[in-house]
Amino acid sequence: SFEHYGTQVILDFFQGYHDLFEPDFTRELKKLPTVATKLSSLFLYSARKRLKIYVMIDEYDNFTNTVLSTQGKEAYFELTRGEGFFRNFFSILKGGTARHGAGISRLFITGVSPVTLDDVTSGFNIGKNLSLSHALNEMLGFTAHEVRELLEYYKNAGSFIFDTEQSIKLMHKWYDGYIFSKKGTVSMFNPDMVLYFVSECNFDKELPDNFIDQNVKIDYGKLRHLMLVNKKLNGNFDQLKTIVDQGRIISNIALSFPLDRLLLPGNFISLLYYFGFLTFNGTRRSKPVLSIPNLTVRHLIYEYIRDAYEDVNIFRIDFLRLGELLEDMAWDKKWRPLFDFLAKEVKEQTSIRDYLHNEKVIQGFLLAYLSISDIFIPHTEYELNKGYSDFFLEPFLEKYPDMPYGYVIELKYIPRKDKLTDNVLKNAVHEAKNQLDQYAKDKNIKQKYKKTSFVKLVLVYHGWEMVYAGDC
């Protein structure tokens, strides 16, 4: 299919520029057996005739990513290394740029994964990688000013009926936050997400049922090979969980690296950046701080974590039942059945227990399953009255204005190796209740959510086991 498509593109090129090429040359070129030989002949001819050819390749990594995720490493290496035809194709392009007047005047390549770039181009020493250029930080996203202009345009045309500032505030949570340079200061909105939101609002005159456009989802299957080895989760999966647990990670971004070095921690983190899961968020000791840009990405990461658990039979759950329990929690204040349900499943599915070994991991695990719907917008380490709540389940009132309840949750963790006594449990609960009383006095929450009642919950875990759940 690669040969067929490449040939069609070359033939279309001759149709568009037929007046620049001699008929005999065109006929002879069409007889050549491969795309690589056709291009090589074309470049030599263009060099002799002093023609300037511009070559543009979009999604250069799509082809090999698909092979890697569906057929594995051996098939990938066969295509991209040694005499692999895909590598040979890039060698022809390299030859076309080798000297002045060599056929290719400019070569511009776009894609996502730096893995393919390194494997098929020997480190891509014929060009300049612009991915992290500070000058181009605002090239491919929308600024807040541009989003405002877009909304006002449709508002003046009578298509967009919602308040502009409120809509921008909403989109800021879900679609903003991308900074593509270590020195960047202006965050960008994802254009696809913004246009999806505006299109849905214009068409239905109401907010979208789903705030995440399916087009921005990266198929979990394309990530599976990065996190699983022999049907077991590897260090990359632990890295992903750590990012969710801590909300950020400190790492440099590699411009490219071969597949066989993907398991190195820094390279996997770099790949997450290129996939859009992480973005620049300041520096620490001159190293970039990378964080999750927005709620859309956070929801996607939680989804990948749930898929990975299920993929290797570590943890499977009835999502329909869990969704029903979340609704009961939001509208009827029935929170206990949900946490009992999760605790029961963890107790019965023993494989998950090895992964629930500290407070942060328990926190990340719970958030992954509290995020199966958009009923709540979950926050961790949320600042309330000069303290930081472990969980703040913010009601998504823009979409569900009648939701009466939100939740502030304090989680206490007692290591499994420590003996659980009545006094230890009592002290943990007492400390959690005092913290919740402090959070409840937060003036901003009372002003912002005048019609919402926030339930204060204490959860205590002894290792993987929930040993206390109560409101106060």
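In which strand is Phe108 found? Phe108 sits in strand β2, residues 104-109. One note before going on: this is a predicted model.

Stay with Phe108. Its relative accessibility is 44%, so Phe108 counts as partly exposed. Phe108 also belongs to a nonpolar surface patch with Met56, Leu130, Leu136, Met139 and Leu140. Together these residues have about 640 Å² of accessible area.

Met56 turns up again in a pocket. The second largest pocket holds about 860 Å³ of space. Its lining counts 28 residues, and Tyr5, Val9, Met56, Ile57 and Phe89 lie nearest the centre. Which element gives the most to that lining? The answer is α1, with eight residues. At least two residues each come from α1 (2-16), α3 (35-48), β1 (53-57), α4 (62-71) and α6 (85-96).

Searching the whole structure gives two cavities of 30 Å³ or more. The largest cavity has about 60 Å³. Lys241, Val244, Asp245, Ile305, Tyr309, Val361, Gly364, Phe365 and Ala368 line the largest cavity. Elements supplying two or more of those residues are α12 (235-246), α14 (295-311) and α17 (359-370). The top contributor is α17, with four residues.

On to charges. How many salt bridges does a search of the whole structure find? It finds 17. One of them joins Asp374 and Lys399, with the closest N and O atoms 2.7 Å apart. Asp374 is in the loop between α17 and β8, and Lys399 is in the loop between β9 and β10, so the pair ties together parts 25 residues apart in sequence. Buried or exposed, these two? Both Asp374 and Lys399 are buried.

Next, Glu410 and Lys412. Their closest N and O atoms are 4.0 Å apart. Glu410 is buried at 3% relative accessible area, and Lys412 is buried at 13%.

Then Lys456 and Asp437 meet in a salt bridge at 3.0 Å, N to O. This pair links distant parts of the chain: Lys456 is in strand β11 and Asp437 in helix α18, 19 residues apart. Lys456 is buried, with 18% relative accessible area. Asp437 is partly exposed, at 35%.

Last stop, back to β11. Strand β11 (residues 453-462) pairs with strand β12 (residues 465-471), antiparallel, over six bridges. Val458 has Gly470 in β12 as its bridge partner. The hairpin has two residues between the strands, and Gly463 takes a positive phi near 65° there.

Technical notes
Residues are numbered from 1 along each chain as its sequence is written. This is a predicted model: local features need pLDDT of at least 70, side-chain atom pairs count only at pLDDT 80 or more; totals for chains, interfaces and linings use all residues. Side-chain values use heavy atoms; hydrogens and water are left out. Patches are made of residues with over 30% relative accessible area and no salt bridge: like charges are joined within 9 Å, nonpolar side chains (Val, Leu, Ile, Met, Phe, Trp, Tyr) within 5 Å. Accessible areas come from the Shrake-Rupley method with a 1.4 Å probe; for residues, only the protein chains shown count as cover. A salt bridge is a side-chain nitrogen of Lys or Arg within 4 Å of a carboxyl oxygen of Asp or Glu. Buried means under 20% relative accessible area, exposed over 50%, partly exposed in between (1.4 Å probe, protein chains only). Two strands pair if DSSP finds at least two bridges between them. On a 1 Å grid over the protein atoms alone, a cavity is a set of points where a 1.4 Å probe fits but cannot get out, and a pocket is an open set with protein on both sides within 12 Å along at least five of seven lines; lining residues have an atom within 4 Å of a point. Grid points are joined across faces, edges and corners, and a volume is the space filled by probe spheres set on the points.
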